[in-house]
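Trainee: I am new to this structure. Could you please take me through it?

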Amino acid sequence: MSGYVAVPIVRIGLLLAALHVAAAQTAPQTFLYKQLQSFQAQAKFTPQTRKQRLHAYLLSLAGPATLVTEGGAAGLSQILDSPWQWGDGGALYGKRFANDMAYNGIRWSLTYATSVLMKEDDRYFASEEKAAWPRVRHALASVFTAHKRDGRTVFASSSVAGIAGASLISRAWSPENWQTPSATARSMGISIAGTAGFNLAREFLPDIVHRLHK
């Protein structure tokens, strides 16, 4: 498994584990539960306030779940020696972690700014379907959909701008062989696939937790 593919997979796994821990809390007001709530699927669309939008942005930027998943992803990149040009050792783990956090920061900052300008709500909303396949299809399609304040579904310009912008800007400090158009396109594809994976995790998390607690 290449570093390119393995890193988003470990991010999804770490976030899923964190969401499971949060959902299993017996005291719903614990710090972990509060901080991870924004990563769970919204049940029904309601207009997002400026305060809610800013709060979600800050959590995506450097919230507990982000620090855990990016830290784990950097650790996996260290194990896989990806990119190999950066070498290994403790200091190089810090470089990989900084790289992941920088990419994440650029992505969500661009997404946040664009969503404000375009008046888009790019939160993930759970499917109202019961069957598995329609829910999977909904989760995958939601990567490219957003909502207006009146609830209309539109193309997620803000989400795509964040992914495209971060993939392009992060080439500036990447190794030379990661600065090609194909590497940029690959980075975008992996981010899109990772987002789809997050959506699937959030869509089916309640079912998973329910079965584990039986």
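Mentor: We shall go from the whole chain to a few of its residues. This is a predicted model, in which local features need pLDDT of at least 70, side-chain atom pairs count only at pLDDT 80 or more, and totals for chains, interfaces and linings use all residues. Residues are numbered from 1 along each chain as its sequence is written, and side-chain values use heavy atoms, with hydrogens and water left out.

Trainee: What does the chain average in pLDDT?

Mentor: The average is 83, and 77% of the residues score at least 70; pLDDT is the predictor's confidence in each residue, from 0 to 100.

Trainee: Where is confidence lowest, and where is it highest?

Mentor: Helix H2 (residues 31-36) is lowest with a mean of 51, while H7 is highest at 96.

Trainee: How many helices and strands does the chain have?

Mentor: There are eight helices and two strands. These are DSSP runs numbered from the N terminus: helices are H or I with at least four residues, strands E with at least two. From the N terminus, the order is α-α-α-α-α-α-β-β-α-α.

Trainee: What share of the residues is buried?

Mentor: Of the 214 residues, 41% are buried. Buried means under 20% relative accessible area, exposed over 50%, and partly exposed in between, with a 1.4 Å probe and protein chains only.

Trainee: Which residues of helix H6 are buried?

Mentor: In H6 (residues 132-141), they are Pro134, Arg135 and Ala139. They lie on the same side of H6, because they cover an arc of only 140 degrees around the axis. That arc is taken from the directions from the helix axis to the C-beta atoms.

Trainee: Turning to His147, is it buried or exposed?

Mentor: His147 counts as buried because its relative accessibility is 15%. The residue is found in strand E1 (residues 145-147).

Trainee: And what is His147 in contact with?

Mentor: Leaving aside neighbours within four places in sequence, its contacts include Phe45, Lys119, Asp121 and Arg152. Contact means heavy atoms within 4.5 Å.

Trainee: Now for Asp81. Where is it?

Mentor: Asp81 is in the loop between helix H4 (64-80) and helix H5 (90-118). With a relative accessible area of 30%, Asp81 is partly exposed.

Trainee: What does Asp81 touch?

Mentor: Not counting residues up to four places away in sequence, Asp81 touches Gly87, Asp88 and Arg96. Its C-alpha atom is separated by 9.8 Å from that of Tyr93, twelve residues apart along the chain.
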